[in-house]
Amino acid sequence: MATESKLISMQEAIARHVPDGSMVLMGAQLEQMIPFAAGHEIIRQGRRDLTLVGPISDILFDQMIGAGCAARVFAAWVGNVSAGVGYCLRRAMEQGTPRPVQMVDYSNFTLALALHAGAMGVPFMPTYSTLGSDLLVRNGNLREFPSPVNEEKLVAVRALKPDVAILHVQRADEAGNAHLWGNLGVAVDGARAARKVIVVAEEIVAPDVIASDP
């Protein structure tokens, strides 16, 4: 029985699945898999009030902030991995240009835990990480609590469930089954935590190509 094709254009994918106000996970892998084409289409379509989530919040996030798309950023940093400062983020934070942006500071690890909790369907994940840091003051999704089994203190990392995860892959078939090579980062947990997933593929191949290495 033939499988229904899920293949659509980038323009249609963003128009259909990334409305204003969405929480969008991007940059879930390392730098080689940042979905620039999807981010640029979001800019072209003039999306507003987005919450951007990503451990690899590279220059793409900076571009989207500069285009006025973002209202909030959940990340450990935003910048250009080869050149340092994210100038658009800095202008947004210091001058409100082109609009103010709320920066919700995570460590890379706690952001990964938040997506892991979302993927598992639990409200939070416990960790020792970030105890004693300013992150607990700046981020309401990180809360210190007493361990229920001993005298220690822990941090509860609240689950994140993005409205859509945009994942870049090397190849996929028309049903959306994909091959992703390289460091997976938080892509698997991000896909499972998100309500919708847009797979951006460099190449569309036959289903038996994907099935050859499932």
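Because the model is predicted, local features need pLDDT of at least 70 and side-chain atom pairs count only at pLDDT 80 or more, whereas totals for chains, interfaces and linings use all residues.

The chain comprises eight helices and twelve strands; helices (H or I, at least four residues) and strands (E, at least two) are DSSP runs, numbered from the N terminus. For 214 residues, a compact globule would have a radius of gyration near 17 Å, and the 18 Å of the chain agrees with this; the radius is taken over C-alpha atoms, and the globule rule is 2.2 Å times the number of residues to the power 0.38. The C-alpha trace spans about 60 × 45 × 30 Å along its principal axes. Of the 214 residues, 45% are buried. Contacts, defined as heavy atoms within 4.5 Å, were considered between residues at least 6 apart in sequence, and 67% of these join residues at least 24 apart. The chain exposes about 10,700 Å², of which carbon and sulfur atoms supply 53%; accessible areas come from the Shrake-Rupley method with a 1.4 Å probe, and for residues only the protein chains shown count as cover. The mean positions of the 18 positive and 22 negative charges lie 7 Å apart. Here Lys and Arg count as positive and Asp and Glu as negative, while His and the chain ends are not counted; the place of a charge is NZ of Lys, CZ of Arg, CG of Asp or CD of Glu.

In helix α2, the buried residues are Ala38, Gly39, Glu41 and Ile42. Down the axis of α2, they fall within an arc of 160°, so they too line one face of the helix. Their cover includes α1 (10–17), β2, α3, β10 (164–172) and β12 (196–204). Just after α2, glycine 46 has a positive phi of about 70°.

Arginine 47 is located in the loop between α2 and β2 and is buried, with a relative accessible area of 13%. Beyond residues up to four places away in sequence, arginine 47 touches Ile14, Ala15, Val18, Pro19, Asp20, Ile42, Gly68 and Cys69. Aspartate 49 lies in the loop between α2 (36–44) and β2 (50–53). Its phi is near 60°, a positive value in a residue other than glycine, and its relative accessibility of 41% makes aspartate 49 partly exposed.

A positive phi is also found at threonine 130, where the angle is about 80° although the residue is not a glycine. Threonine 130 belongs to the loop between β7 (124–127) and α6 (135–138). At 12% relative accessibility, threonine 130 counts as buried.

Valine 73 is placed in strand β3 (residues 70–75). With 0% relative accessibility, valine 73 counts as buried. Its contacts, not counting residues up to four places away in sequence, are Leu52, Phe61, Ile65, Val78, Val101, Gln102, Met103 and Val104. Valine 73 and leucine 111 are 38 residues apart in sequence, and the C-alpha to C-alpha distance between them is 12 Å.

Definitions and conventions: Residues numbered from 1 in each chain as written. Heavy atoms only, no water. Buried < 20%, exposed > 50% of the residue type's maximum accessible area, 1.4 Å probe, protein only. Arc of directions from axis to C-beta.
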